[in-house]
Amino acid sequence: MISHAIARRVRELEQYAPMLTSPVDLDEFWEQTLQQFHNKPLSASMEECPTPMKAVCSYRVTYEGFDDTPLSGWYVRPADAGDTALPCIVIFHGYAGSKGYPEDYAQWVSMGYAVFAIDVRGQGGETGSRMLSEFGMSSGWMSQGILDKNTFYYRAITVDALQAIEWAAAQPGVDASRIATYGGSQGGGLVLITSALSEIPAIAVANIPNMCHMDFGILNSESSLKEAAQFVSRYPQHFNQVLETLSYFDMINLADRIKIPVLVSCGLKDTICLPETIFAAYNRIRSEKDIAVYPFDGHYVSPHHNRRTMEFIQQHFG
């Protein structure tokens, strides 16, 4: 039996429909961005990097996305797969994290899938950033270039993520018709925005996603958006411009573009990616979708939900 208080809270979230913040040139901006980077060379290279796990073949991949920054990723696959074209899971990590180690993806490899996991530029991995910045930042990375949608950090990491999906789809050992995107928090936000902008992913798993309802998040969240709040606190004259820039990357304005099956998770005690922000975007998705709501979870993915994501991907990819 679910408590009346929890049921009421979930019903309120399911009906949550805040006003959109879409700028008038949202479609034009993304059309121009996608066209600009459509034919940009990936300049990719790949070298084998053995792992202690004998059942796993791992490769270090370097490619280019938004600019000429060498972006680092792991491409891993079952050692006994040979040249078989496998389903591939493209994985984006959370804020300040990294792609980790090849063996971190053993559960997916053991299920018979390939994985391409990338560093997000400038954060905790082996990838730097050559982005130019004409204005100062608050702590962290997300306020870089925040006064201009074309120079904003989120534009760079979105293009980096889109290029990662392009790289995965081009590999001879990958079945390009069966590519999933997977991530949590910042990674969940990248999953949603790439699902809205790319026709390559077949399914998506966005756990406790960021980049949703950011005008609410900048006021209430303890996420990376607090860096934008710090920036505005320092430069209050730029408040409206900051909100406008964020609106181009806010999934509340882009969610209705998603056309693929999506699994989302949400913790009702999450103070980083607040339930209101997640449901604001989720409620606008028109494709096949499911949301796993955990009343007593904060900003993390439980083992139970990890199992649920495995079942979701297996259901669609076999």
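# Reading a predicted fold

Me: What radius of gyration would a compact globule with 318 residues have, and what does the protein chain have?
Reply: A compact globule of 318 residues would have a radius of gyration near 20 Å, and the protein chain has 19 Å, which agrees. Keep in mind that this is a predicted model. Taken along the principal axes, the C-alpha atoms fill a box of roughly 55 × 55 × 30 Å.

Me: How many helices and strands are there in the protein chain?
Reply: The protein chain has 11 helices and 9 strands. Buried residues account for 55% of its 318 residues. Of the contacts between residues at least 6 apart in sequence, 73% join residues at least 24 apart.

Me: How do strands of a sheet pair?
Reply: They pair through backbone hydrogen bonds, either parallel or antiparallel. In this structure, an open sheet of 9 strands runs in the order E1-E2-E3-E5-E4-E6-E7-E8-E9, and its pairing is mixed.

Me: Which strands stand at the edges of the sheet?
Reply: Strand E1 (45-48) and strand E9 (289-294) do; each has a single partner strand, so one side of each is left without a neighbour in the sheet. On average, neighbouring strands of this sheet are turned by 20° against each other, direction ignored.

Me: In which sense do strand E4 and strand E6 pair?
Reply: Strand E4 (residues 86-92) pairs with strand E6 (residues 174-184) in the parallel sense, over 6 bridges.

Me: Which strands does helix H11 touch?
Reply: Helix H11 (residues 303-317) packs on the sheet and touches E4, E6, strand E7 (203-207), E8 and E9. The direction of helix H11 makes about 170° with that of E7. Helix H10 (residues 275-282) lies across strand E8 (262-267) and E9, and runs at about 160° to E8.

Me: Is lysine 289 buried, partly exposed or exposed?
Reply: Buried means under 20% relative accessible area and exposed means over 50%, with partly exposed in between. Lysine 289 has 30%, so it is partly exposed.

Me: How many residues has the largest nonpolar core?
Reply: The largest nonpolar core has 76 residues, and those with the most contacts inside it are Phe116, Tyr154, Ile193, Leu246, Phe249 and Met251. Helix H4 (residues 153-169) gives the largest share of this core, 11 residues. Another core, of 21 residues, lies apart from it and includes Cys49, Val56, Ile203 and Phe317.

Me: What does tyrosine 154 touch?
Reply: Not counting residues up to four places away in sequence, tyrosine 154 touches Met142, Met211, Met214, Ser224 and Phe249.

Me: How many disulfides does the structure hold?
Reply: A disulfide needs two cysteine sulfur atoms within 2.5 Å. The structure holds 0 disulfides. For cysteine 266, the nearest cysteine sulfur is that of cysteine 273, 9.3 Å away. For cysteine 273, the nearest is that of cysteine 212, 7.5 Å away.

Me: Are cysteine 266 and cysteine 273 buried or exposed?
Reply: Cysteine 266 counts as buried, at 1% relative accessibility. Cysteine 273 also counts as buried, at 1%.

Note on methods: Residues numbered from 1 in each chain as written. Predicted model: local features only at pLDDT ≥ 70, side-chain atom pairs only at ≥ 80, totals over all residues. Heavy atoms only, no water. Core = buried A, V, L, I, M, F, W, Y, C linked by side-chain atoms within 4.5 Å. Buried < 20%, exposed > 50% of the residue type's maximum accessible area, 1.4 Å probe, protein only. Helix = DSSP H or I, 4+ residues; strand = E, 2+ residues; numbered from the N terminus. Contact = heavy atoms within 4.5 Å. Pairing = 2+ DSSP bridges. Axes fitted to C-alpha atoms, helices over the stretch in contact; angles between N-to-C directions. Rg over C-alpha atoms; globule rule 2.2 N^0.38 Å.
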